[in-house]
Amino acid sequence: MNRMPIITKTAATALVCLIMCACSGRGGIEDANAYVYDLAEDPSYIEKCEYHLSEDEDLSERVGDLLQRLIDGPSGGRAMSAVPQEITSVTYRVGAQTVNVDFDAAFLDVPQLRKVLCEAAVVRTLCQLDDVYAVSFSVDSVPLCDSGNVPIGLLTPDSFVENDGAMINAYERTTLTLYFADEDGQMLVEKTQNITYNGNIPTDRLVVDNILSGPDSTDAFATIDPATSVISVTTQDGICYVNLSRVFLNKTSNVSDEVIIYSLVNSLTELGNVNKVQILIDGSKDERLGVMDLASPFERNLELIKQ
């Protein structure tokens with residue numbers, strides 16, 4: 001879907017009045033069927049406020065409705081909009097179970113905690129919609145990165161830790177062992193990368209995001225189409241379930257099917273809690289990547305690692 005404009009604070013006064021009157025006409029807060037997260041009086045955390053969404057809106061309209069309410073902020077009380085007032089342009093694009101929210105360049109100058117609170121408010125507000133699993137962010141159409149210049153990727157409500165109402169924003173540094181393709185695309189090259197990341201992001205998700213981002217050296221090569229979206233990454237009972245968009249199946253290089261699969265598998269099984277990796281495409285394991293059947297979990301393959 002094409003990117004949609006959002007009316008910003010300076011231009012939204014008349015629309016806000018119309019929305020409030022319309023809600024009042026339908027019974028106001030008694031008819032609330034959604035929540036919007038605002039910045040609390042104590043600006044170190046966010047709090048939810050009841051909101052009414054029209055039953056007649058499609059998904060894109062509901063996303064726009066919620067984002068508009070986020071931008072405008074609450075109509076009373078001491079809470080305020082979780083979207084920093086410096087932001088003058090916000091657009092969005094609805095994808096398969098995801099929404100991309102794009103801010104103007106002013107977002108980059110917002111204090112770090114305020115950024116995280118804004119991201120958390122947007123993610124928690126939009127992910128309550130049945131057809132929205134995760135949210136990605138960009139600035140002037142460039143994917144948003146953390147302080148280590150690593151793309152943040154898709155965020156879900158679970159990406160943010162809540163402690164007595166306060167958002168925890170602890171940035172950490174770790175070393176990941178990742179596997180990328182060699183020049184011929186037929187073998188795996190082991191690379192060690194130092195990563196600075198938001199501590200709220202699970203390590204298994206961090207591995208997948210960095211495989212998609214590609215190596216930071218010139219003697220190894222990316223294995224997966226960077227346009228692939230990460231729908232979810234979860235680990236249970238030693239199996240890491242990696243749910244990717246269908247773009248993953250589109251080969252755009254000379255990298256072999258095995259190297260693509262085991263780039264993910266070998267990297268994830270470097271983690272102490274992962275023994276096998278199940279790759280899903282839009283939630284389904286009944287798929288193939290060329291000669292590779294994705295129906296069953298994959299175990300580590302040491303034979304593909306170039307010595």
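I count a salt bridge when a side-chain nitrogen of Lys or Arg lies within 4 Å of a carboxyl oxygen of Asp or Glu.

I am working on a predicted model, in which local features need pLDDT of at least 70, side-chain atom pairs count only at pLDDT 80 or more, and totals for chains, interfaces and linings use all residues. Residues are numbered from 1 along each chain as its sequence is written, and side-chain values use heavy atoms, with hydrogens and water left out.

**Entry 1: Arg300 and Glu270**

I looked up Arg300 and found a salt bridge to Glu270, with the closest N and O atoms 2.6 Å apart. The two residues are 30 apart in the chain: Arg300 is in the segment after β17 (298-299), and Glu270 is in the loop between α5 and β14. Helices here are DSSP runs of H or I with at least four residues, strands are runs of E with at least two, and both are numbered from the N terminus. For accessibility I call a residue buried under 20% relative accessible area, exposed over 50%, and partly exposed in between (1.4 Å probe, protein chains only). Arg300 is partly exposed because its relative accessible area is 32%. Glu270, at 33%, also counts as partly exposed.

**Entry 2: other salt bridges**

I noted a total of eleven salt bridges. One of them joins the side chains of Asp38 and Arg69, at 2.7 Å from N to O. Asp38 belongs to strand β2 (residues 34-39) and Arg69 to helix α2 (residues 59-72), 31 residues apart. Both Asp38 and Arg69 are buried.

I then checked Glu287, whose side chain meets that of Arg246 in a salt bridge of 2.9 Å, N to O. Glu287 is in the loop between β14 (276-281) and β15 (288-289), while Arg246 is in the loop between β13 (239-244) and α5, 41 residues away. Glu287 counts as buried because its relative accessibility is 15%. Arg246 has 39%, so I list Arg246 as partly exposed. Arg246 and Glu287 also belong to a salt-bridge network with Asp282.

**Entry 3: α4 against α5**

I looked up how helix α4 (residues 203-213) packs on helix α5 (residues 257-268): the angle is about 145° and the axes are 10 Å apart. Axes are lines fitted to C-alpha atoms, for helices over the stretch in contact, and angles run from 0 to 180 degrees between N-to-C directions. With contact taken as heavy atoms within 4.5 Å, α4 contributes Asp204, Val207, Val208 and Ile211, and α5 contributes Ser263, Leu264, Ser267 and Leu268.
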